[in-house]
Amino acid sequence: MIVERVPCLRDNYVWVLHEPSQQLTAVVDPSESEPVISILNSKGYNLDYIFNTHHHWDHTGGNMELKAVYPQAKIIGPRADQARIPGIDQSYGEGDSFKFGPLDVKVFDTPGHTKGHITFWIPGADALFPGDTLFSLGCGRLFEGTPQQMWASLSKFVGLPDSTSVFCAHEYTQSNARFAVHIDPHNQTLAARKQEIDELRSQNLPTVPSNLGQEKAANPFLRPSDPAIRKHLGVDADAEDWVALKAIRAAKDNF
């Protein structure tokens, strides 16, 4: 599977997926249509699917304009929030899967950022599309969900292979890194990752995709059980992980 990055709006990344054996193409979370159409035209791709992780306008804003240009494209989104997905044709939830050519696309319910957020995992391509649930060194704000829900969602990623590429939806990594080293200052893996990120951003280069191995080692939102992070934030050693995640998210919101 070929994945093309399409920068949109101020800091969104839209992902164009091409499956060459059956010449199928999908777009993930199209915030706007024109940049997507431009890359489709430049590559000679048609559009068969639109994957939406959640309802926010900067992830669905291009749905109907793309559907007007590519009427055969099927819009796929979360069953738990299908009423808020423009033009939705097919809805999926936890444990569901569907085919993208020969590839299986597995769906996780990942509420927290919104109540009906989903994540697409394509194990045959080692690719995860978590929308605004997981960012490189961060996670989404809790607009509609609870810390318990967000930790349950993030926990689903911890068991996936370290080699899995994380195609998140925003270029937030540098600010996330500044916060991460603030609450986890002795993590040498994180320090090295921050240096790499700062170098990339100084050249206006993207920092995503990352991979899950990097995130498990350095992303504080995947490490709420870490004693050093808990100590820094004053979270009791015996507290449940979601309690620590709540403290990490609150600290980030006020950073």
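**Helix packing and the main pocket**

Okay, let's start with helices 5 and 9: their crossing is right-handed, and by that I mean that the near helix is turned clockwise from the far one by less than a right angle, with anticlockwise being left-handed. Ser-175, Asn-176, Phe-179 and Ile-183 from helix 5 touch Ile-248, Ala-251 and Lys-252 from helix 9, where contact means heavy atoms within 4.5 Å. By class that's four nonpolar, two polar and one charged. For the classes, Ala, Val, Leu, Ile, Met, Phe, Trp, Tyr, Cys and Pro are nonpolar, Asp, Glu, Lys and Arg are charged, and the others, Gly among them, are polar.

Before I go on, this is a predicted model, where local features need pLDDT of at least 70 and side-chain atom pairs count only at pLDDT 80 or more, while totals for chains, interfaces and linings use all residues. Residues are numbered from 1 along each chain as its sequence is written, and side-chain values use heavy atoms, with hydrogens and water left out. Helices (H or I, at least four residues) and strands (E, at least two) are DSSP runs, numbered from the N terminus.

Back to that pair. Helix 5 and helix 9 pack at about 120°, with axes 11 Å apart; the axes are lines fitted to C-alpha atoms, for helices over the stretch in contact, and angles run from 0 to 180 degrees between N-to-C directions. So these two are oblique to each other, given that under 35 degrees is roughly parallel, over 145 roughly antiparallel, 65 to 115 roughly perpendicular, and the rest oblique.

Helix 5 has another partner, helix 6, residues 188-202. Here the angle is about 150° and the axes are 10 Å apart, so helix 5 and helix 6 are roughly antiparallel. This crossing is left-handed. On the helix 5 side, the residues include Thr-173, Ala-177 and Val-181, and on the helix 6 side they include Leu-190, Ile-197 and Arg-201. The tally for this contact is five nonpolar, two polar and five charged.

And helix 9 also packs against helix 4, residues 147-158, at about 105° and with axes 9 Å apart. That makes helix 4 and helix 9 roughly perpendicular. Pro-147, Gln-148, Met-150, Trp-151 and Leu-154 meet Asp-241, Trp-242, Leu-245 and Lys-246 there, which splits into six nonpolar, one polar and two charged.

Now, the largest pocket. Its volume is about 370 Å³. Of its 23 lining residues, Asp-132, Phe-135, Arg-141, His-170 and Tyr-172 are closest to the centre. Which element gives the most to the lining? Helix 9, with three residues. On terms: using a 1 Å grid over the protein atoms alone, a cavity is a set of points where a 1.4 Å probe fits but cannot get out, and a pocket is an open set with protein on both sides within 12 Å along at least five of seven lines; lining residues have an atom within 4 Å of a point. Points are joined across faces, edges and corners, and volume is the space filled by probe spheres set on them.

Last, two backbone details. Val-208 and Pro-209 are joined by a cis peptide bond, omega about 10°, and Pro-209 sits in the loop between helix 6 and strand 14. Asp-29 has a positive phi, near 55°, in the loop between strand 3 and helix 1.
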